[in-house]
Amino acid sequence: MKTDAYWMPFTANRQFKKAPRLLARSSGMYYWTHDGRQILDGIAGMWCVNAGHARPKIVQAIQEQAAELDFAPPFQMGHPKAFELAEEAVKLAPAGMTKLFFTNSGSESVDTALKMALAYHRVRGEGHRTRLIGRERGYHGVNFGGLSVGGMTANRKMFGAMLAGVDHLRHTHDLSRNAFSVGLPEHGAELADDLERLCVLHDPSTIAAVIVEPIAGSAGVFLPPKGYLQRLRQICDKHGILLIFDEVITGFGRTGQPFAAQTFGVTPDLMTVAKGLTNGCVPMGGVFVKQAIHDAFMSGPEHLIEFFHGYTYSAHSLACAAGLGTLATYAEEGLLTRAATLQSYFGEAVHSLNGLANVIDVRNFGLVAGIELRPIDGEPAKRAFNVFLDCFDKGVLVRTTGDIIALSPPLIVEREHIDRIVDTLRGAIQRAA
Ligand SMILES: Cc1ncc(COP(=O)(O)O)c(C=O)c1O
């Protein structure tokens with residue numbers, strides 16, 4: 001097979017093409033490589049295949065939809081499944097988040113939410129609120145809005161000045177106080193007060209919104225310190241700033257409730273999702289919105305467009321069918337709360353890696369874990385990458401960012417799968433020492 005033409009995303013292309021890792025088939029908890037090796041999926045594809053692979057209801061829904069209605073224009077037209085999916089999805093959302101705007105990815109969801117926040121203030125006569133606040137080490141996708149509020153240096157440094165008027169809270173990752181936390185870390189709620197500091201610097205009347213991931217995933221599994229999100233909510237309320245939760249990885253059951261907002265008891269104003277909305281089977285994202293924010297746009301003559309934003313593939317018919325099949329599968333199998341019942345078994349399993357040479361932290365919540373390794377001197381990210389390659393060789397798929405290994409298995413995971421993932425990881429970490 002020729003591998004020349006495809007320039008792969010977020011991939012070490014030259015390394016990959018010397019020995020391609022190709023997945024050819026999937027079912028349940030497993031992939032199979034092109035040469036027939038079975039691979040246990042420790043990361044739900046990439047935080048998205050929450051119901052496991054090739055689930056019959058989802059497969060059938062997509063197949064039938066392709067034959068029935070391939071594409072309907074989403075501007076000034078609609079199709080029934082778009083409305084059905086939105087109705088079903090808002091039933092799962094935190095109370096008061098009654099509207100859903102569809103996109104095609106997490107990155108698009110983030111840029112949509114940022115634009116909604118700016119436009120919302122403007123339609124209310126507060127167009128002076130133009131600043132957006134993100135957080136260091138945050139990941140909000142790769143479009144210019146998400147990149148600007150995001151805080152991963154490697155993702156940002158090549159791409160110029162990005163959006164103007166953006167500032168960042170400090171990140172909450174603090175191994176000196178919180179290493180080897182079981183569940184949420186004890187220390188760091190006071191870091192939310194950074195928002196007060198930025199309010200003093202910029203004046204709150206210039207700030208439109210703050211965006212954070214309740215649990216940061218892609219940047220390396222950073223858990224919110226106890227009380228941190230509550231404090232952020234209070235400060236936003238005090239100053240009239242919108243709070244956006246980016247739930248692209250925490251949404252749809254990862255933390256033991258449908259959304260991390262519910263698990264942590266903090267309701268944002270806007271909430272971005274993608275991945276688990278369609279079980280990763282057809283690209284789709286969305287922004288959940290509080291009723292009052294939506295309603296602020298609904299003024300002026302009724303024949304005029306209220307929000308000048310959308311995508312050709314917003315609410316694509318195949319994605320909507322996949323979404324309906326996905327939500328039905330989650331409901332039938334109780335998957336959106338399953339992480340809560342497995343959390344302690346999963347947590348104990350991953351914390352059995354504590355004490356291994358070069359493991360400097362293990363952290364977990366719901367069905368997410370981060371295992372942080374001591375970098376090899378002068379070769380950052382290499383130790384974790386070697387662990388990833390070794391695990392793949394032994395038939396388990398994990399994911400790495402820098403020297404952090406992330407685990408986020410499908411929510412159908414059983415105890416024996418957890419044991420195998422952790423045992424394989426243990427061997428690979430020992431060999432990488
Ligand atoms: C929190 C968060 N936001 C946004 C994104 C971007 O999503 P996508 O890759 O679908 O554009 C991701 C992807 O991992 C994410 O984890």
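Start at the ligand and select Ser 105, Gly 106, Ser 107, Gly 141 and Val 248, which come nearest of the 14 residues around the ligand; a residue counts as near if its C-beta atom, placed from the backbone, lies within 6 Å. This is a predicted model, where local features need pLDDT of at least 70, side-chain atom pairs count only at pLDDT 80 or more, and totals for chains, interfaces and linings use all residues. To find your way, note that residues are numbered from 1 along each chain as its sequence is written.

Next, select helix H5, residues 106-123, which gives the most to the ligand's shell, with three residues. Helices (H or I, at least four residues) and strands (E, at least two) are DSSP runs, numbered from the N terminus. Coloured by class, the shell shows five nonpolar, seven polar and two charged residues. Here Ala, Val, Leu, Ile, Met, Phe, Trp, Tyr, Cys and Pro are nonpolar, Asp, Glu, Lys and Arg are charged, and the others, Gly among them, are polar.

Now move to helices H14 (residues 338-351) and H16 (residues 415-431), whose axes come within 10 Å and cross at roughly 20°. Axes are lines fitted to C-alpha atoms, for helices over the stretch in contact, with angles from 0 to 180 degrees between N-to-C directions. That crossing makes H14 roughly parallel to H16 (angles under 35 degrees count as such).

Finally, colour by pLDDT, the predictor's confidence in each residue, from 0 to 100. The protein chain has a mean of 98, and 100% of its residues reach 70 or more.

Notes: Angles under 35 degrees count as roughly parallel, over 145 as roughly antiparallel, 65 to 115 as roughly perpendicular and the rest as oblique.
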